[in-house]
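User: I'd like to learn how to read a structure like this one. Could you walk me through it, feature by feature?

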Amino acid sequence: MSDYNWCHGPECHQQQTQSRIRGSGNNKVLRTIKIKHNSNYRSHERYQMFNYFCGQNCLFDFIRTHLASMIAIAPRREALETPIKVEKEKDTDWRGDPYTRTRITSKNSS
Ligand SMILES: [Zn+2]
């Protein structure tokens, strides 16, 4: 497996930054950013996307371009629900005035 990915941002190669300039003389180009696979990202699932995108702009460009396909992969046809317990507690604020606090706890977590 390659240690590098090309950024998947559809317009990555059009961003005018020094880091994207390749070539010499009259044959210069702006090139897609090459991303080194970061093994830390592998263990932190919420940041894995940055093994494939050089930044949030490229990530959101990709989402904008491929939104219909992404929704088609996992369409949501009905609302999801999380069972909860709602408790009302009487308390006093910093002035000593009474108020009711609403505490929401998930029934799935103990
Ligand atoms: Zn990019």
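This is a predicted model: local features need pLDDT of at least 70, side-chain atom pairs count only at pLDDT 80 or more; totals for chains, interfaces and linings use all residues.

Analyst: Let's start with a term we'll need throughout: a residue is buried under 20% relative accessible area, exposed over 50% and partly exposed in between, using a 1.4 Å probe and protein chains only. Residues are numbered from 1 along each chain as its sequence is written, and side-chain values use heavy atoms, with hydrogens and water left out.

User: Which residues form salt bridges with Glu89?

Analyst: First the general idea: a salt bridge is a side-chain nitrogen of Lys or Arg within 4 Å of a carboxyl oxygen of Asp or Glu. Glu89 meets Arg103 in one, at 3.0 Å from N to O. Glu89 lies in strand S5 and Arg103 in strand S6, so this pair ties together parts 14 residues apart in sequence. Strands here are DSSP runs of E with at least two residues, and helices are runs of H or I with at least four, numbered from the N terminus. Glu89 also forms a salt bridge with Arg101, where the closest N and O atoms are 3.5 Å apart. That pair links strand S5 (residues 84-92) to strand S6 (residues 98-106), with the partners 12 residues apart. Arg101 is partly exposed at 29% relative accessibility, and Arg103 is partly exposed too, at 34%.

User: How many salt bridges does a search of the whole structure find?

Analyst: The search finds five. One of them joins Asp97 and Arg95, whose closest N and O atoms are 4.0 Å apart. Asp97 is partly exposed at 36%, whereas Arg95 is exposed at 58%. Shared partners also join Glu89, Asp91, Arg101 and Arg103 into one network.

User: Now the metal. Which protein atoms are the donors of the zinc ion?

Analyst: Donors are N, O and S atoms within 2.8 Å of the metal (3.2 Å for Na, K and Ca); water is not among the atoms, so sites may look incomplete. Here the zinc ion has the SG atoms of Cys7, Cys12, Cys54 and Cys58, lying 2.2 to 2.4 Å from it. Along the chain, their spacing is C-x4-C-x41-C-x3-C. Cys58 is buried at 4% relative accessibility, while Cys54 is partly exposed at 37%.

User: What is the geometry of the zinc site?

Analyst: Ideal angles for four tetrahedral donors are 109.5 degrees. Four donors count as tetrahedral if all angles lie between 85 and 135 degrees. The zinc site is tetrahedral, with angles of 104 to 114 degrees among its four donor atoms.

User: And the rings: how many aromatic pairs does the structure hold?

Analyst: Rings of Phe, Tyr and Trp (its six-membered ring) pair if their centres lie within 6.5 Å; planes under 30 degrees apart count as stacked, over 60 as edge-to-face and the rest as tilted. The structure holds one such pair. Phe53 and Phe62 are edge-to-face, 5.2 Å centre to centre with 65 degrees between the planes. Phe53 is buried at 8%, and Phe62 is partly exposed at 23%.

Terms used. Four donors count as tetrahedral if all angles lie between 85 and 135 degrees; four count as square planar and six as octahedral if opposite donors are over 155 degrees apart and all others between 65 and 115; anything else is irregular.
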